[in-house]
Protein chains: 4
Amino acid sequence: MSLQTPVCVVVGVGAGNGAAFARRFTTAGYRVALLSRSGQVTRQLAAELDGARAYDCDVTDAASVERTFGAIRSELGEVDVLIHNPGSGVWGNVEDITPGDFEASWKTNALGGLLVAQQVIPVMKKNRRGSIVFIGATASRRGGAKTAAFAPAKAAQKSLAESMARHLWPAGVHVALVLVDGVIDSPASRKRMPDKPESFFAQPSAIADQVFNLVQQKSSAWTFELEVRPFAEVW
Amino acid sequence: MSLQTPVCVVVGVGAGNGAAFARRFTTAGYRVALLSRSGQVTRQLAAELDGARAYDCDVTDAASVERTFGAIRSELGEVDVLIHNPGSGVWGNVEDITPGDFEASWKTNALGGLLVAQQVIPVMKKNRRGSIVFIGATASRRGGAKTAAFAPAKAAQKSLAESMARHLWPAGVHVALVLVDGVIDSPASRKRMPDKPESFFAQPSAIADQVFNLVQQKSSAWTFELEVRPFAEVW
Amino acid sequence: MSLQTPVCVVVGVGAGNGAAFARRFTTAGYRVALLSRSGQVTRQLAAELDGARAYDCDVTDAASVERTFGAIRSELGEVDVLIHNPGSGVWGNVEDITPGDFEASWKTNALGGLLVAQQVIPVMKKNRRGSIVFIGATASRRGGAKTAAFAPAKAAQKSLAESMARHLWPAGVHVALVLVDGVIDSPASRKRMPDKPESFFAQPSAIADQVFNLVQQKSSAWTFELEVRPFAEVW
Amino acid sequence: MSLQTPVCVVVGVGAGNGAAFARRFTTAGYRVALLSRSGQVTRQLAAELDGARAYDCDVTDAASVERTFGAIRSELGEVDVLIHNPGSGVWGNVEDITPGDFEASWKTNALGGLLVAQQVIPVMKKNRRGSIVFIGATASRRGGAKTAAFAPAKAAQKSLAESMARHLWPAGVHVALVLVDGVIDSPASRKRMPDKPESFFAQPSAIADQVFNLVQQKSSAWTFELEVRPFAEVW
């Protein structure tokens, strides 16, 4: 495979969205780097997807992030598309959560996003192209009673993404934020909510199509914030 | 041409966005109804585009709207996609504008949107499919000192679109709002701002691609509000 | 009573908020002009409140507004505080409401606000003081399925208020918007919801205290948007 | 001084807002606990203000917070009003800031807010009264190019405050957020911007009046988010 093959990094690959993003970009001809803390899902997926590779990475740890992106650069090449897809956080109100829960949610969603983005910005800026897509949640817009740890973490991620967009768009780097509103379809969510109909769930492959569309947008009509939700969702 | 050919109605067709939407949907195989108050641009465009037809319509007048949609239904068939693309409004602060300016902006942007939507909703609901796309502006998010007539009209349009989305999505009808942030490229805007570089302007064809993408979204990941702006825009 | 006595105009006086505003400003030493379409409540209230006067006015009619403010100026003096407190609107989704409902809601909430404001702005600007307070609703932030007429009207009112604030603050005129979230206590609302506890309702006198506080704010820390809701409200 | 004297804790006391809050609540009859990292300003202020006491506290350190609030409880009594007034953060775009800057801003603004709030919530809930006021910034609403560390920290603080409000209001505890838009007057800001007129600056005493008004609001018309800015501010 030539060095010209574009490279997509998916940070946070589980059975849901992350895997769907990896499939979508593989189909489009990208080599995909699959990052997760414990590499089980990623290694199996890497075996399936042409050109993909799994990397174990703790995105809340600067040294681990630096090592991983060094390996990606030497093994796959410079990054064209970075997708930050952190796992969801801890539920609970301000009395339920511990300061540790609060910090862990922030580290995964906000600090991790900064660490991985800082790895790819210099080359993207130099080349005046590239895309950085943050997968957020509508919780970023509103602190709910039961999201005392999760909502502030998502609000920080969103704010960071917006700051980056304002700074990097004029340099030709497309930073975007996808707000997923609703429950993502997966074996786990089906098991948790066995009575919900098909229409209740957001399909990862449908979300992946929209992430891919963002990356394809012409620069005279770029989107920063994109919300997606199932048609039957009450919002 | 068979009755199965899908039909797209573009309300408000000038040389910019409206024409680009018409071209995009014609390319995709739609028959397009081109609506404008004075039919000059629309008739010329209808002559160019395969299957398109021009209709003179004052969207702020219920009787004119009813007549026009009756003609569309009998000549082209039921409407699959409705795009409300009202012309931009009057500029001025609260002391500059007259109550007449204020009313005219609202009629075009808000009342007109209601009148055309009410024409297509019954059949779309019955068939559980169809798309209604409102072309808005970021002025809808914020009343600026100099947009005392325009911003309230766009805010009302946005609010109506959101109300419709919450009501119609569960019935299978996709209502969406595209917020265009920036100056749309056209001979007129180039003449008004001769010193601006190419990168300053939003290209109608690029916006049209995004409107078409909305209509193609799978129903498990629909977007309501979509913002688009040129990469070089300061926001 | 001397011409120096400050004057407050309350536009839209029913048994709830409007009456409470009138009482609060009367207590603070203002002469209050009480405006309503049919003058029943206002005339009774004017008889109770020291220095108050009732005026019949249709705020959606420019001639009626001009006549009324001419009378206020000659009978009470120039206006120091203007409170726009339009009655609530029509409920219903996009299929329920008529274009007439949509227009009537907009006329009361948005056009009426412009008409009354334009009456007082010139003198307030000249004197570099005065307050214009719009009583809005949280519906202005969000188009709900069942507020297809009401929400767009409130969104337009809010946008107009914000445009006015940005234009008039630097000239020393304080424009503000109070978003009331919840059901206002009144005999009518108690009858409609007989099972709700006391804590469910927003008390007009408590809201009036906050409107008065706005008018008293020092100009180095002015508020534009102020939301108030009962502590027990779910939001 | 009786144990019935109400107690106000100001977290983050410098020469600007924090001192003004302390003066305002002292005037209103509160005993005020003045918290800062290095106790210089606070000790001098405590000597001036009747009943006030200075405490050295690192609000980003759980043990320090616990020790400090233990001392406050035994020396002044249970807390009636808690004001979280963190110092402002690091400026810079995503390329300028380090992960350390990003973390420090978040610790002061978000984690620190959680730690101090968790100290007072149990007793406030039990007594069904008390106020927790977060001093935020309009940066919380929008990630600017140059606020890559500050805006996400303020967004997290705001989201936490909103989550707490939704959870604690129904229990009778008033959580509010004051968004200060503009530059706060202080010897330091005057030195930094020597050419700005008086009207440019937000006066701490005027902001303190509004914080005090929040604490006085009747529970049938509570405010969550309160924005204040100088009348001459461009926004």
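The model is predicted.

**Interface between chains D and A**

- In this pairing, 33 residues of chain D are in contact with 33 residues of chain A.
- Two helices of chain D, α4 (99-127) and α5 (150-168), each supply at least two residues of the side that touches chain A.
- The largest share of that side comes from α5(D), with 13 residues.
- Sorted by class, the side of chain D that touches chain A has 20 nonpolar, 7 polar and 6 charged residues.
- Of the interface residues of chain D, 100% are also interface residues in chain A, so the copies meet through the same surface.

**Fold and dimensions of chain A**

- Chain A contains 7 helices and 9 strands.
- Its radius of gyration is 17 Å, close to the 18 Å that the globule rule gives for 235 residues, so chain A is as compact as a globular protein of that length.
- The C-alpha trace of chain A spans about 50 × 35 × 35 Å along its principal axes.

**Packing within chain A**

- Of the 235 residues in chain A, 57% are buried.
- Among contacts in chain A with a separation of 6 or more, 65% join residues 24 or more positions apart.

Key:
Residues are numbered from 1 along each chain as its sequence is written. Chains are lettered from A and ligands numbered from 1 in the order in which they are written. This is a predicted model: local features need pLDDT of at least 70, side-chain atom pairs count only at pLDDT 80 or more; totals for chains, interfaces and linings use all residues. Helices (H or I, at least four residues) and strands (E, at least two) are DSSP runs, numbered from the N terminus. The radius of gyration is taken over C-alpha atoms; the globule rule is 2.2 Å times the number of residues to the power 0.38. A residue is buried if 20 or more other C-beta atoms lie within 10 Å of its own, exposed if 12 or fewer, and partly exposed in between; C-beta atoms are placed from the backbone. Two residues are in contact if their C-beta atoms, placed from the backbone, lie within 7 Å. Ala, Val, Leu, Ile, Met, Phe, Trp, Tyr, Cys and Pro count as nonpolar, Asp, Glu, Lys and Arg as charged, and the others, Gly among them, as polar.
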